[in-house]
Amino acid sequence: MTANELSKFVYYCKQIQPQTQEDIKRFFQGVVVFPYDKELLLQAYLFLNIKDLFPLCSELLLFEKSPISDYTDLGKCDFVYLTYTGNLFIIETKFIDTEATGATERKRRNKHRNKVFEQVITLKNRFSHYWNIELEQLKCGVFTTDSEIDWRGNDVNVVTKSISIDKLERWRKNY
């Protein structure tokens, strides 16, 4: 990716996501105070703690938007960050109910684990193809409420982080 290609992508992001970092921060702080969606609460935790979880990330470029103009059917990214090294970092989040029990729930959790990795890898490839960005300049991350994913990213070059549901809820109450 040349500086020009990166500039084009950043310009695209500013057009479809014109909010300032401060505006986005206020949005996520509101989510913490009035959580109505567990996935959104997980995303708020990620945004408000990004430096601790994914220290390479410097600026949020996209949140819940398609990286490919007007093609939302090709997938939306949960988060796309610019890194301090001039790369892009794609992060997919997934609230996985680790407290539910039974065979059906185990299957559901496994399906969610596989899906979140599939999503981020697919988005990485689409980014590379559409924006003409070298794969080495696209980093991927997954953030969930399931610590079982922590080792799964090693084989597919995806950085994985997790927080337990209990810890997420304690953080929300103490925020």
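## The sheet

Five strands form an open sheet in the order E1-E2-E3-E4-E5, with mixed pairing. The edge strands are E1 (57-65) and E5 (159-162), and each pairs on one side only. On average, neighbouring strands are turned by 25 degrees against each other, direction ignored. Strands (E, at least two residues) and helices (H or I, at least four) are DSSP runs numbered from the N terminus. Two strands pair if DSSP finds at least two bridges between them.

This is a predicted model: local features need pLDDT of at least 70, side-chain atom pairs count only at pLDDT 80 or more, and totals for chains, interfaces and linings use all residues. Residues are numbered from 1 along each chain as its sequence is written, and side-chain values use heavy atoms, with hydrogens and water left out.

## Strand E2 and its partners

E1 and E2 (residues 77-83) run antiparallel, joined by six bridges. Leu62 stands opposite Val80 in E2. Cys57 faces Thr83 of E2 in the pairing.

E2 also pairs with E3 in the antiparallel sense, over four bridges. Here Leu82 stands opposite Leu88 in E3. The hairpin of E2 and E3 has four residues between the strands, and Gly86 takes a positive phi near 85 degrees.

Seven of the seven residues of E2 are buried, so E2 is largely enclosed by the rest of the structure. Buried means under 20% relative accessible area (1.4 Å probe, protein chains only).

## Helices on the sheet

Helix H2 (residues 21-33) lies across E1 and E2, at about 65 degrees to E1. Helix H3 (residues 38-48) packs on the sheet and touches E1, E2, E3 (88-94) and E4 (138-144). The direction of H3 makes about 145 degrees with that of E3. Contact means heavy atoms within 4.5 Å. Axes are lines fitted to C-alpha atoms, for helices over the stretch in contact, and angles run from 0 to 180 degrees between N-to-C directions.

Definitions and conventions:
Buried means under 20% relative accessible area, exposed over 50%, partly exposed in between (1.4 Å probe, protein chains only).
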